[in-house]
Amino acid sequence: MKLTVKHIYTDILIAGGGTAGCYAAYKLADSRKSITIIEKANIRRSGCLAAGVNALNAYITKGRTPDFYVDYVEKDSHGIARGDLLLTMAERLNYCAHELETLGVVIQKNKQGNYVERGPRNIKINGENIKPILADAITSLHNVTIYNHVNIIDFIVQEHRIIGAVAISTQNAIIYIIHSGAVLCATGGTAGLYRPNQPGFSRHKMWYPPFNTGAGLAAGMRHGAEITTLEMRFIALRCKGTIAPTGTIAQGVGAKQINSNDEEYEKKYGYTTSQRLYGVVTEDRMGNGPSYLQTKGINKKLELDLEKAYLNMAPSQTLKWVEEGGPSTKNVEIKGSEPYVVGGHAGAGFWVSTKRETTINGLFAAGDVAGGCPQKYVTGAMAEGYIAAENIHVYLASSSKAAVIDEQTIAAYIKQEQNFLEPSDQLFSAENIEEGMQSVMDEYAGGITTAYRYNMASLVVADKKIQQLTALAQNLKAANMHELLSIHEILDRLLICRFLIAHLQNRKETRWRCFSENTDYPEIDETFNKYVNSYMKDGKIYIKLRPIVTREQNYEHTY
Amino acid sequence: MSIHINKKLCTGCGRCADICPGNLIVIEDHTAHIINPRDCWGCTACLKECVVGAVMFYLGADIGGRGSTLKMNQKGSIKDWIVTKPTGEQVHIKVDSSCSNAY
């Protein structure tokens with residue numbers, strides 16, 4: 001298979017057409033700049049909101065302030081969050097929610113015409129079609145060009161400044177060289193690093209999309225971008241089997257967590273996100289499992305409300321209820337997912353300035369790939385896209401023209417991809433190496449098997465084995481573009497695993513149960529009131545502990 | 001968790017292949033095929049996109065599936081979700097996505 005080379009010239013490249021990327025394009029479109037979205041699938045149903053969402057979980061409800069939201073997240077993450085990022089995000093949450101409504105997303109209202117609150121920080125929406133609505137908002141814009149079914153495989157960086165990217169078609173034998181003045185990375189978080197709850201037929205029935213494989217994050221890592229807080233893994237407390245979210249039940253009908261003895265146990269463990277999960281894990285370990293959300297006995301109207309709410313976001317749960325009997329007839333069993341790297345819920349991702357620029361000049365980040373700003377959710381991802389969009393304008397106006405991508409660089413990428421496509425009789429497939437990686441991470445880096453715990457010795461084993469798998473993956477071969485994509489996905493995931501292990505090794509404390517639970521250091525150590533950051537140079541990962549940035553600060557990178 | 005494509009109903013139009021967030025569906029011999037059923041996330045984008053009702057969704061036996069399938073017909077803003085049980089019994093749940101009154 002011989003690849004055709006196509007060049008794309010654009011002022012602004014947006015890598016990833018999920019919620020953050022689409023909304024950034026929408027906000028950038030007022031300018032006269034050309035904007036290009038590169039999307040692995042189709043922006044109408046891509047990213048983590050492909051199935052929809054039934055609440056905006058980051059919203060400043062009546063009588064509350066952005067500071068209230070920041071206070072909550074700082075407490076929930078036990079101090080390891082960026083105050084500057086949280087506050088600038090929180091200040092725009094409601095603007096973004098209202099704009100979503102203007103675009104056509106239905107926000108539920110009560111009889112007085114006010115938004116229906118689901119909790120102190122969230123409102124209910126009919127968001128099944130949130131992605132088609134965002135896609136429609138940008139598809140007709142004359143200066144926005146969308147490439148669906150094209151996947152970013154690397155950024156092109158010269159003298160610490162981004163000048164473009166390389167991408168491949170997922171369908172046709174095409175390699176794209178994208179020449180761009182600035183880039184917004186919005187490729188999402190990373191799933192599939194750990195062995196999933198159900199490793200068999202339903203292996204992809206995970207909470208976070210298995211197609212979010214960290215392409216942009218890994219590309220940034222390869223070029224020395226600074227990364228933050230990967231060790232704050234996100235482990236979702238979810239409905240057993242379907243891995244559907246539990247917040248809709250817990251907040252929607254006020255269901256309590258109980259163990260198999262019908263005991264409410266949450267107060268024993270605490271109410272932060274990680275403590276709620278730790279409660280389930282510990283009750284299981286003590287022989288009190290399974291755990292449930294107590295829904296039995298809710299009335300039929302509430303049951304139907306729940307069934308509809310899940311059709312807007314996770315239809316599998318409604319199907320399960322119709323098959324087995326609804327939540328009024330039996331409690332909903334809950335379980336922890338495998339760990340993810342996701343900046344929309346936890347703090348893992350690119351280390352960015354308050355302007356959302358990464359440590360690579362001209363490379364901005366928003367949404368689940370941007371770190372330091374946990375619990376941003378949908379509206380927070382949009383707010384970050386908006387903030388990044390504004391600062392991309394400033395960047396383009398104030399910087400010199402980007403350098404031309406040289407022929408040697410282009411030739412090297414073509415050679416690399418052609419090499420993967422060489423016919424070969426190989427032993428291993430990308431799938432096989434993925435299974436190896438997931439086993440290693442599960443057993444030695446705190447997966448479900450060890451109740452999310454690890455120690456320094458197990459992390460050394462994990463690191464060694466991940467490096468062995470990385471060496472094997474270099475020799476993978478692809479017979480078509482789908483397989484070529486799989487090779488890049490596994491290479492990206494393996495690199496993120498290496499970084500993740502380095503982060504776990506360097507937070508020598510246990511600040512968050514389950515999310516980052518090191519049995520050699522089982523307590524909080526206040527000397528780690530710092531961010532664990534990392535970057536790669538000449539193939540080696542370096543760690544940097546950085547002091548906490550408060551909401552009063554405006555953080556700019558210093559080199 | 002995966003989808004099943006009814007080959008008799010499928011016209012090979014390619015809408016499902018174009019929308020799948022995992023690029024998992026291909027059109028061969030004028031019919032849609034899922035490359036590997038194990039790779040499906042279960043987002044149901046494909047069955048929402050299918051205009052002839054050829055795509056249905058089911059839960060794998062490993063997560064407790066009992067053989068029911070899920071489809072969705074859309075008329076205007078009304079989404080009619082249909083669960084067909086192995087007995088043939090059908091359960092409809094209608095959601096009006098334009099209705100902003102709390103359910």
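**Reading the two chains**

Analyst: Chain A has 16 helices and 21 strands. Helices (H or I, at least four residues) and strands (E, at least two) are DSSP runs, numbered from the N terminus. This is a predicted model, in which local features need pLDDT of at least 70, side-chain atom pairs count only at pLDDT 80 or more, and totals for chains, interfaces and linings use all residues. Residues are numbered from 1 along each chain as its sequence is written, chains are lettered from A and ligands numbered from 1 in the order in which they are written, and side-chain values use heavy atoms, with hydrogens and water left out.

User: In what order do the elements of chain B run from the N terminus on?

Analyst: The order is β-α-β-β-α-β-β-β-β, with two helices and seven strands in chain B.

User: How is the radius of gyration read?

Analyst: The radius is taken over C-alpha atoms, and the globule rule is 2.2 Å times the number of residues to the power 0.38. For the 559 residues of chain A the rule gives a value near 24 Å, and chain A has 22 Å, which agrees with a compact globule. For the 103 residues of chain B the rule gives a value near 13 Å, and the 14 Å of chain B agrees as well.

User: What share of each chain is buried?

Analyst: Buried means under 20% relative accessible area (1.4 Å probe, protein chains only). Buried residues make up 63% of chain A and 50% of chain B.

User: What do contacts say about sequence separation?

Analyst: A contact means heavy atoms within 4.5 Å. Among contacts with a separation of 6 or more, residues 24 or more positions apart account for 74% in chain A and 36% in chain B.

User: Which strands form the open sheet that includes S11 of chain A?

Analyst: Two strands pair if DSSP finds at least two bridges between them. The sheet in chain A has four strands in the order S16-S11-S20-S21, with antiparallel pairing. Strand S16 (349-350) and strand S21 (540-547) of chain A each have a single partner strand, so one side of each lacks a neighbour in the sheet. Inside this sheet, S11 (residues 227-228) and S20 (residues 530-537) of chain A are joined by two bridges, and Thr228(A) has Asn533(A) as its bridge partner in S20(A).
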